[in-house]
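Please study the sequence and the structure before reading each solution.

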Amino acid sequence: MTVALFSSQKYEQAPFDTCLQDQPSISITHFEQALTEQSTILCKGFDAVCIFVNDLANEAVIKQLAEQGIKCILLRCAGFNNVDLTAAKAHNIKVCRVPAYSPEAVAEHCVALMLTLNRKTHKAYNRIREDNFDLNGLLGFNLFKKTIGIIGCGKIGLALVNILNGFGANVLVCDPYAEQGDYTLCDLDTLLSQSDVISLHCPLNDQTHHIINEHAFSKMKPGVMIINTSRGALVDSKACISALKSKKLGYLGLDVYEQESELFFKDRRDEIMQDDIFSRLVSFPNVLVTGHQGFFTKEALSEIAQTTINNAIEFANNQPLSNEVK
Ligand code: NAI
């Protein structure tokens, strides 16, 4: 089975090479390019494509993939909002994903954002390097006994609940499908109005698009902290800018951004930033943005490679697909 792997990064090659050592029947060609309508031409002669969060598999791309003979899309991520599943089905292309590679990796990154924004360790680091030992401006707050609202309590949300319970926080969960657990289940309005920190861990879909918008901000406590490590479009960036200016939003931690496919995963120091909303966001002293690195641990990379190759083997051998997305 031949696989064209798009948006390939240097750090991905070693984990895939290691997993492929005992799998001579699978061969993977790495392409740095993202999958787009223009790059589908590269798929000629391959059986499958392997794509990541910012590759595009809309109806037009899928039609072209089918014409090139692609029979399977191997997502090396959990989310599949970038794939038109109806089109894939219509063209008889199977779609498989990596449902969980390390929920703890994302949950731990989420806590890193919370603590950095709160205790301002990134600012302290720079001050101390310049022999500035002044504490003014570095004041934080205890997470102990704070109310932390988690929207979406699946694998990552639950890993976060476990960490936050260790801090002695009061954890609220809003998830229409969640069962009872070590948290207080509540509706979205209650979560928005009671939380000191709100963290997003639901998938992006029609119900959750811009779930954090102007209306949601109107219900929140002044000075609330919002963390989004899930998908950029859960948050209305323009509404965040207004809420930051009015100080309603006290802290914003983002690992994802609505227009991130234009920006993330590349060194763009030589370019002129064209995204004014992004520029404005990162100009606030109480905003911290990381470039979709929540998943980025050694353990997760190795799990992504292993599950992707298992998905490919199952497809190649006509076995039931454990991680098919329908
Ligand atoms: P999951 O499928 O295990 O959990 C999602 C949860 O959201 C489910 O419990 C579901 O019931 C809940 N949910 C669905 N609709 C909801 C709604 N309207 N309101 C509240 N809750 C709702 O997914 P998992 O693995 O926990 O991942 C969560 C998200 O994290 C993914 O969709 C993906 O977008 C993102 N992610 C980000 C990564 C990063 O590197 N920053 C890495 C991996 C995933």
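Rings of Phe, Tyr and Trp, the last by its six-membered ring, count as a pair if their centres lie within 6.5 Å. The model used here is predicted.

**Exercise 1.** State which residues form one aromatic cluster, and how many aromatic pairs a search of the whole structure finds.

*Solution.* The cluster consists of Tyr11, Phe52, Phe265, Phe295 and Phe296.

**Exercise 2.** Classify the pair Phe264 and Phe278 as stacked, tilted or edge-to-face.

*Solution.* A pair of aromatic rings is described by the distance of the centres and the angle of the planes.
Step 1: the ring centres of Phe264 and Phe278 are 6.3 Å apart.
Step 2: their planes stand at 75 degrees, and the pair is therefore edge-to-face, since angles over 60 degrees count as such.
Step 3: Phe264 belongs to the loop between strand S11 and helix H10, and Phe278 to helix H10, so the pair ties together parts 14 residues apart in sequence.
Step 4: Phe264 is buried, with a relative accessible area of 9%; Phe278, at 12%, also counts as buried, because the limit is under 20%.

**Exercise 3.** Describe how helix H1 (residues 10-20) and helix H11 (residues 298-316) cross.

*Solution.* 
Step 1: the two axes come within 9 Å and cross at roughly 50 degrees, which makes H1 oblique to H11.
Step 2: the crossing is right-handed.
Step 3: residues in the contact include Tyr11 and Phe16 of H1, and Leu301 and Ile309 of H11.
Step 4: by class, this contact has eight nonpolar, three polar and no charged residues.

Methods. Residues numbered from 1 in each chain as written. Predicted model: local features only at pLDDT ≥ 70, side-chain atom pairs only at ≥ 80, totals over all residues. Heavy atoms only, no water. Axes fitted to C-alpha atoms, helices over the stretch in contact; angles between N-to-C directions. Helix = DSSP H or I, 4+ residues; strand = E, 2+ residues; numbered from the N terminus. Parallel < 35°, antiparallel > 145°, perpendicular 65-115°, else oblique. Left-handed = near helix turned anticlockwise from the far one by under 90°. Contact = heavy atoms within 4.5 Å. Nonpolar A, V, L, I, M, F, W, Y, C, P; charged D, E, K, R; others polar. Phe/Tyr/Trp six-rings, centres within 6.5 Å; stacked < 30°, edge-to-face > 60°. Buried < 20%, exposed > 50% of the residue type's maximum accessible area, 1.4 Å probe, protein only.
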